[in-house]
Amino acid sequence: MVVERVCKRFGSSEVLKNVSFRVEKGEVVTLLGPNGAGKSTLMRILTGILLPTAGAVWIEGHRMDREPLLAKRHLGYLPEQTPFYPELTVREYLHFVAAAKGVSPARQKEKVQEVLRRCDIEEFGNRRMGILSKGTLRRVGIAQAIVNDPSVLVLDEPTSGLDPSQASSFRDLILELKKQTAIVLSTHLMIDASELSDRVLFMHKGRILLEDTVEGLKKRFAERDVYRVKIRIKGDMETEASFREVLGEVEGILEVDASPSSDPHTWQVTVFTQPGWNPTVGLLPTLTSRNWDLLELHQKTMDLEEVFGEITRGAQPKGGQ
Amino acid sequence: MQFFWALYRKELRILASSWILYVFFALFLFFSGWFYYQGILSYSAWSIQAPAGTVVNVQQHLFVPLYSNMMFFLVLLLPILTMRLVAEERRQGTYPLLVTYPGSPLALLGSKYLSAFTVFLGGLLLTCIYPLITSLWGGVEWPLLFSTYLGIMLCGAAILAIGLFFSTLAEHYLVAALLTETVSLFFWLIGWVADYLPDRFSRILFGVSFYHRLRPFLLGVVDTDDALFFLNVACTLLILGYYLICREQRS
C-alpha cells in the first residue's frame, strides 16, 4: 500500500496535510496520535470510505479513487466497532462477505471454513450474530476482513473492548496474518503498538510528525537514562537528603529520588543519568566508600506511553525529523 | 456483478428473517382479499339490479375498483419494504464496511432496490388468485388484466425508488418510512385536488398524479407516456440516491 501526499479538507478545515507512507507485505505499521490527529479520517481514506481532497492511495498498483473495485479486491478492513447483521448466522455472513468480495463461488465454502478455523470460531458458525459475545464478534470481524486473502489489512482499534486474554490471542492472530499481508492499524493501546508494530507513525494535527520503529522512537526520546537502585545501609539511619547529596556528586548523575522501603535500612533510589552512563564506574565506588550494599540495580526503559506523552507535549526528539 | 447478487441475496435473507416480510404479506393479502370480497358483493348487487339480458362488465365493476384500492393500500405499505434498506445499514454500522467491498454505489443501490421489488412482485403474484377464481365463472379479460398488472408494477417501482432514496437520505428507518409515505401519498392524492383547480393547473397536477397515471392501465390502456412517467420517477430517484452516496464519499 502506498499513500501519496494525501490531503483532506472538510470545508475550511484541513484535517490531513500531505500524508505519505508505504506499507510492505509482512509489515505492521501503526498509526498513533491524540484524538483529533486525523487517524480516523486517514483510515477512512485508506479503505475507500472517503476520497482524499488531494493525493492518492494505491493498493497493489491500483489507485483507490480511479480503480476502486480493483483496489478494494485486495483490501480487508476491521472497523473499531464490529458491525454485524443480527439476523444472519456467522456462516451466512461470511458467505455473503466472500461473495461480495469476489471470491469465486467454487472457493467460497472452502474459504469460509478456512477463516472460521483460523479465527477459532468454528463452533459459532451456525449461531446468529445477534447473540455472540463481543470477543467472538471481534473474531468474526477479522474473519470477514481476511476471507478474500487481502494483501492489505486495515485494522481500527483491533483489540478494543476485549479482555486481556482475548486481546493477547487476538494480537497473536494479527502477527500470524502479518506473514502474508501488509497491515495498517490504528490504536490507543500502547501494548498493541509495542507488540505488533514494525513501524509507528505518530500523527499530530493532520501530519505525520514522526515515523520510526518502536525501539527507534524510544531511543530518540531517551534524553536521560533511568536506573532503579535498591540499597541497604549499615550503621546510622540516612535521610533522603543524604542520598541526594552523596549520589548527586557522582559524575553523570543528574537527579536522585530516594524513598525508604518497609525495612528502614533498605532504600529504593531512582537515579536519572546522562545517556550512556556506566553505573559500574560511577556508582559502585561511591556505594563501597559509604559502606552501602547494592541489592538491586536495573535500567528502566522508557515505554511507548511515555514517548507518546513526550511527543504530544511537543518535545523534540534527538535527531528528529 | 458478484457483489450485486451477493447483496441481493443477503437483503432477501434478512427480509425473510425479519418481521417486515410477514407484516407486508399479511396486511397486503388480508386487505386485498377483503377488497376482493367487497368487490364480489358489489358486483353481485350490480348484476341483480341490471336490466335483464345486460352483462355487467367484470373488469370495470370488479377489477378496476379492486386494483385501484389495492394500489392505494400499496402506497401505504411499500415504504415498510424500503425503509431499512440503507438507513438500517447505517444505524448498525454495516454501511461503511459495505463501501469497502469491491462493489460500485450503483450496484449497492441496484441490488437493494431489486430485492424490495422482488418481494413486491411476490405479493402481487399472489393476488393473481382473484382473477383465477373469477375466471371459474368466466368473463375475465386477460389482456386487460395484463395491462392492470403492468401499471401496478410500474407505479410500485416508482414508489420503491422513492423509498430507497429516503432510506439513503435518512438516519433512521422510521424517518425514511414516514417521508416515503408522505411523498407517495401526496403524489397519489394530488389528482383529486386537480378537479377543483383551473384547467392549466389541473393539467400539471394530473400529469404528476400517480393515480391518474395508473388509471389508464387499469382500464386496459397501455400508454407509453404513463409508463415512461413511472420509469422516469424510478430512474431519477435511483440516480439521486447514487449521487447522495458519491457525495458522501467526497464530503
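Ground rules. This is a predicted model: local features need pLDDT of at least 70, side-chain atom pairs count only at pLDDT 80 or more, and totals for chains, interfaces and linings use all residues. Residues are numbered from 1 along each chain as its sequence is written, chains are lettered from A and ligands numbered from 1 in the order written, and side-chain values use heavy atoms, with hydrogens and water left out.

Chain B to begin. It has 12 helices and zero strands. Helices here are DSSP runs of H or I, at least four residues, and strands are runs of E, at least two; both are numbered from the N terminus. The C-alpha trace spans about 70 × 45 × 30 Å along its principal axes. Of the 251 residues, 52% count as buried, meaning under 20% relative accessible area with a 1.4 Å probe, protein chains only. Take contacts in chain B with a separation of 6 or more: 76% of them join residues 24 or more positions apart. Contact means heavy atoms within 4.5 Å.

Now the interface. How many residues does each chain bring? Chain B gives 27 and chain A gives 33. Together they bury about 2,500 Å², 61% of it on carbon and sulfur atoms. Buried area is the accessible area, 1.4 Å probe, lost on putting two parts together, summed over both. On the chain B side, Gln2(B), Tyr101(B) and Pro102(B) lose the most area to chain A, together 24% of what that side buries.

There are two salt bridges between the chains. The term needs a side-chain nitrogen of Lys or Arg within 4 Å of a carboxyl oxygen of Asp or Glu. One salt bridge pairs Arg84(B) with Glu87(A), at 3.0 Å, N to O. Which helices of chain B supply at least two residues each to the side touching chain A? They are H1 (2–16), H4 (87–92), H5 (94–99) and H12 (224–250). H1(B) gives the largest share, eight residues.

Last, Thr41(A). It sits in helix H1 of chain A, residues 39–46. Thr41(A) is buried, at 12% relative accessible area. Leaving out residues up to four places away in sequence, Thr41(A) touches Lys8(A), Phe10(A), Val15(A), Leu16(A) and Leu50(A).

Key: Buried < 20%, exposed > 50% of the residue type's maximum accessible area, 1.4 Å probe, protein only.
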